[in-house]
Amino acid sequence: QVQLVESGGGLVQAGDSLRLSCAVSGRTFGRLHLTWFRQAPGKEREFVAYSGWLGTTVYSDSVKGRFAISRDNAKNTLTLQMNSLKPDDAAVYYCAAGEIYYSKNPMRGMDFWGKGTLVTVSS
């Protein structure tokens, strides 16, 4: 089992920055594929960013150039730095982990999920 706990959400204004963290425990962190997803009210959960244990990162087109995903294998922590936030970025953000990453369907390989942290962006 893997436990994931997100933190760092809050209310910000458009253009501001926010840093989300995900504390991971229960399995060898360094071998996990880690992702961030988000879900806005009335919308489906969508992929945001991926961090592979070999150092690969992938971003959705909607956040590319504004968000940065990183992992600290010594602290078992996944981070999402979000810059130039827009009202469309408002959502509950979830951290997820799995042992397999499917590039065409990232959600498929994510076996473990956190409970999410709410990000609100005012215009």
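Biologist: What makes up the accessible surface of the protein chain?

Modeller: In this predicted model, the accessible surface comes to about 6500 Å². Carbon and sulfur atoms account for 48% of that.

Biologist: And what share of the protein chain counts as buried?

Modeller: Of the 123 residues, 43% are buried.

Biologist: Which kinds of element does the protein chain have, helices or strands?

Modeller: Strands: there are 11 of them, and zero helices. Read from the N terminus, the order is β-β-β-β-β-β-β-β-β-β-β.

Biologist: What makes up the largest nonpolar core?

Modeller: That core has 29 residues, and Trp36, Leu80, Met82 and Tyr93 have the most contacts inside it. Strands E3 (18–25), E4 (33–39), E5 (46–51), E7 (67–72), E8 (77–82), E9 (91–98) and E11 (117–122) each give two or more residues to the core. There's another core apart from it, of six residues, including Phe37, Phe47, Tyr101 and Met110. As a general point, nonpolar side chains tend to be buried together in soluble globular proteins.

Biologist: Which residues is Met82 in contact with?

Modeller: Skip the neighbours within four places in sequence, and Met82 is in contact with Asp16, Ser17, Leu18, Leu20, Arg66, Phe67, Tyr93 and Val119.

Biologist: Is Leu78 buried or exposed, and how do you know?

Modeller: Leu78 has a relative accessible area of 0%. The cut-off for buried is under 20%, so Leu78 is buried. You'll find Leu78 in strand E8. Beyond residues up to four places away in sequence, Leu78 touches a list of residues that includes Leu20, Cys22, Phe29, Trp36, Ile69 and Cys95. From Leu78 to Met107, 29 residues along the chain, the C-alpha atoms are separated by 17 Å.

Biologist: What about Thr35, buried or exposed?

Modeller: Thr35 sits in strand E4. Its relative accessible area is 0%, so Thr35 is buried. Leaving out residues up to four places away in sequence, Thr35 touches Phe47, Ala49, Tyr50, Leu78, Tyr94, Cys95, Ala96, Tyr101 and Met110.

Biologist: And Gly98, buried or exposed?

Modeller: The value is 0% again for Gly98, so buried is the word. Gly98 belongs to strand E9 and touches Leu32, His33, Gly109, Met110 and Asp111, not counting residues up to four places away in sequence. The C-alpha atoms of Gly98 and Trp113 are 9.1 Å apart, with 15 residues along the chain between those positions.

Biologist: Why is Asp61 called exposed?

Modeller: Exposed means over 50% relative accessible area. Asp61 has 68%, so it passes the cut-off. Asp61 lies in the loop between strand E6 (57–59) and E7.

Biologist: How do you know that Lys43 is exposed?

Modeller: Same test. Lys43 has a relative accessible area of 56%, and exposed starts over 50%, so Lys43 counts as exposed. Lys43 is in the loop between E4 and E5. Its C-alpha atom is 9.5 Å from that of Ala91, 48 residues apart in sequence.

Biologist: Why is Asn76 called partly exposed?

Modeller: Partly exposed covers the values between the two cut-offs, 20% and 50%. Asn76 has 26% relative accessibility, so partly exposed is where it falls. Asn76 is in the loop between E7 and E8.

Key: Residues numbered from 1 in each chain as written. Predicted model: local features only at pLDDT ≥ 70, side-chain atom pairs only at ≥ 80, totals over all residues. Heavy atoms only, no water. Core = buried A, V, L, I, M, F, W, Y, C linked by side-chain atoms within 4.5 Å. Buried < 20%, exposed > 50% of the residue type's maximum accessible area, 1.4 Å probe, protein only. Helix = DSSP H or I, 4+ residues; strand = E, 2+ residues; numbered from the N terminus. Contact = heavy atoms within 4.5 Å. Areas by Shrake-Rupley, 256 points an atom, 1.4 Å probe, with all protein chains shown as cover.
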